Amino acid sequence: MVMKRRKLWVNLLGGGIALLLIGAVTLGVGIVYVLNHYGKDLPDYSQLENYEPPIVSRIYAGDGSLLSEYAKQKRLFIPISAVPPKLIQAYLSAEDKNFYEHGGISYMGLMRAVFVNIKNVFTGRRKVGASTITQQVAKNFLLTGIQTYERKIKEAILAYRIEKAFTKDQILELYLNENYLGYGSYGVAAAALSYFNKPIDELELEEMAYLAAVPKAPNNYHPIRKYDKAVGRRNWVLKRMAEEGYITEQEMLTAQNKPLVTASRDRTRTFKAEYFTEEVRRDLKRMFGDEELYEGGLFVRTSLQPDYQVIAERELKKGLIVYDRRHGWRGPVSQIPLANMMSEESKREKLQAIIDQDIPLGIKSWRLALVTDVADDQATIMLSEGAEAVIPLDEVTWARPWLPKEYLGPKVEKVSDVLNVGDVVVVEEIERADDPAKPDATAADETSGADGLETIDLDLQAPARHFGLRQIPEINGSLVAMDPHTGRVLAMVGGFDYQRSEYNRATQAERQPGSAFKPFVYAAALEQGFTPSSLILDAPFVIEQGYGMGKWKPQNSSNKFYGASTLRLGIEKSRNLMTVRLAQYLKMDSIVEMAERMNIMDDMPKLLSMSLGAGESTLLKMTTAYGMVVNGGKEITPTFVDRIQDRYGKTIFRNDRRDCPSCQVEAWNDQSEPQIPDPRKEVMDPVTAYQMVSMMEGVVQRGTGIRIRALKKPLAGKTGTSDDSFDTWFIGFSPDLVVGVFVGFDKPRSLGKYEEGSSVAVPIFRDFMKYATKGAPVIPFRIPEGVRLVRVNPKTGQLAAVGEKNTILEAFRQGTFPTKNGEVLDGINSLVQTKTKLRTGTGGIY
């Protein structure tokens, strides 16, 4: 009996062992099959070794201010060595506490997840995962995010392979830089900036815990919309950190009791210079392409000088507004029909509906308001918040009706001449000195006191808020400020407001420079032997244009003739007839060559009208050409970018390509200053360039730019006005700063009678230079070798007599001086000799 039982147990044990062996073999075969089946077509994990994630490209101003960021994914890559230990510990506590022990898969975590999920199937709860950090890296980099058992198997296989190929720190580095953490941010460095406006090394403990809390579901733990859940998850991470021994109990409690405070994303300091930044973006796209721009992590240092940019935007806008107000009121932004019984709330809602259209106004302090009542002396308006305010009569007297061709309607006598009930208008709050709080007798409340005597309670009314009527200018313009020695663009504004129009009128608008082109005609004359004192006849000029085209009869803007006048006077007073007569003598070939040499325009027609600026160019090109005059005739190219570095900090572009080995020294030991080579090509003789500078200085002192003289600084330049005042310009300079201003309508039309460069563009230039040069040392224009200054009479160009008043120092080339017997350019290809009197006849063809 015993033997039978023993035999039975042996058989049972043997059968069990056999079954176990069969099961083990089957399991092994199954595992081999699964590994072989799912592992043969997996992505190549070795690509992670050369991981270069898409990261943000950033553009900076010259002083380091951030201008813009370009990215498809907002990510900043940071090496694991730069990640604070506490932040790493927060992630390990929240995501994978055994990360540094397991081989890619946490079997305990896997078993726990299996049991929890079996339970959740019956309770209807969401399934939980057991992915390690390594598995998440495999999923994020190499697989899709769709949850299937097949994907989980592949994830595990890849995790195992990744662990064999990379160190733990390398895997953690990939994880911390790849994860999406909400707020449009990828990676911990970008998230720290987006949520807290801090670099990661400045994060507090509770902030680190929050960043470690969001990877599971950023939207579920939004710091504002789902504040309680976000705080709860953050506090859970802090508790886990304490359990793992990374922080003390007291540190945990202190951090848990702090509120979750995120920084407003709008507080990220970005200096706005949209026109300039967009020009840089175009340059980068042309140089590197979209992929490198939006994913390559470029570090771009530009030439922009923010203080100049602020002045440029302010003064251009002010100048456009001043011109616009001179030409009257074009009407309200919109109209809301107001019924007699309409409630205040309905009015506010209708106004808000218009405000919600997000109409760009161009000035931060401007806003929209609804006119609710109009009296002779003021209009009552409703603001967006429902508050009432007034527009007094003296704030609308400028708003005479606009009439075609920039004429004005009758003067404004009362507010109702301008505004009507229901008008939606642009306004700006103003301060008035005559608004103290005062007793309002109409609001007096008469009551009877306890002693039977009447008492009067005076209601001290707060003064009404006053607003001024404003109007978005229809006129537009641009301003460029440049370093004339290098071509670096220091400031650029391409229009009144980038939000209203992205069209850059500094670089894209090709317009007629008018008289702003004349200096290059006169420079061509100086190169051919003329002097600033040479005499040109200012008299009628008529020329046949060809069969059926009639005669061309240019005129001075004054419609007068002034006889023989010096080249200097021709520039200072912007004389058209002198310029045309000079161009005819020089031949247009030399002027066309000058325009191409100065990169003003290519393929200029060889027509005399081109000498008066009838060709087309951009403000940027014209400003650059003037820069080549003031810098002594050296060629420059306008540039916006100083230096570009790749994601690793390697310089891949440098604008200044001069080689200077002796500049790279560790210390100053009284050695000689390094001699930096000057590779700039000479495009104009230095003496000729200085003569032009001197003549254009006269434009400011005595000519069409005389409004600038009030600044009492060495400044020079030239006005420009095209036919019928379609385009107005002023381009001028100090010894180290060249500035161009253009003003005109986008759809060309006349700016109006009497409007010229001197009235429209000059005030903008003057006010810009007033603030841009404030506090700067006064430096005179530099005089090159070969120039001799001689005192002359500015009207005749002749040597000044002893004791003669109102003389000037004229710049002559060595060996060329005025004589008593001058020559007057008179007619076609003729120089007429004069005696002691200036010739004043018409001469030539007329």
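Contact here means heavy atoms within 4.5 Å. Keep in mind that this is a predicted model.

Q: Which strands stand at the edges of the open sheet, each with a single partner strand?
A: Five strands make up this open sheet, and their order is E17-E16-E26-E25-E24, with antiparallel pairing. A strand with a single partner has one side left without a neighbour in the sheet, so it stands at an edge. Those edge strands are E17 (489-493) and E24 (716-721).

Q: What is the bridge partner of Met 482 in E17?
A: Strand E16 covers residues 476-482 and pairs with E17 in the antiparallel sense, over four bridges. One of the residues in E16 is Met 482, and its bridge partner in E17 is Val 489.

Q: At about what angle to E17 does helix H12 run?
A: Helix H12 takes in residues 306-326. It lies across E16, E17 and strand E26 (737-744). Relative to E17, H12 runs at about 30°.

Q: Is Gln 309 buried or exposed?
A: Gln 309 is found in helix H12. Leaving aside residues up to four places away in sequence, it touches Phe 271, Ala 273, Leu 304, Ala 491, Met 492 and Val 493. Buried means under 20% relative accessible area. At 0% relative accessibility, Gln 309 therefore counts as buried.

Q: How many of the 11 residues of helix H16 are buried?
A: Helix H16 spans residues 576-586. Its buried residues include Asn 576, Arg 581 and Gln 584, along with Leu 577 and Val 580.

Q: Which residues have the most contacts inside the largest nonpolar core?
A: That core has 84 residues. Among the residues that Phe 520 touches are Met 594, Met 598, Ile 600 and Tyr 626. A second, separate core has 55 residues, including Leu 158 and Met 241. In the largest core, the residues with the most contacts are Phe 520 and Met 598.

Q: What is the relative accessible area of Glu 406?
A: Glu 406 lies in the loop between strand E10 (402-403) and strand E11 (407-408). Its phi is positive, near 65°, in a residue other than glycine. Glu 406 is buried, and its relative accessible area is 8%.

Q: Where is Ser 725 found?
A: Ser 725 is not a glycine, yet has a positive phi of about 55°. At 11% relative accessibility it counts as buried. Ser 725 sits in the loop between E24 and strand E25 (727-734).

Key:
Residues numbered from 1 in each chain as written. Predicted model: local features only at pLDDT ≥ 70, side-chain atom pairs only at ≥ 80, totals over all residues. Heavy atoms only, no water. Pairing = 2+ DSSP bridges. Helix = DSSP H or I, 4+ residues; strand = E, 2+ residues; numbered from the N terminus. Axes fitted to C-alpha atoms, helices over the stretch in contact; angles between N-to-C directions. Buried < 20%, exposed > 50% of the residue type's maximum accessible area, 1.4 Å probe, protein only. Core = buried A, V, L, I, M, F, W, Y, C linked by side-chain atoms within 4.5 Å.
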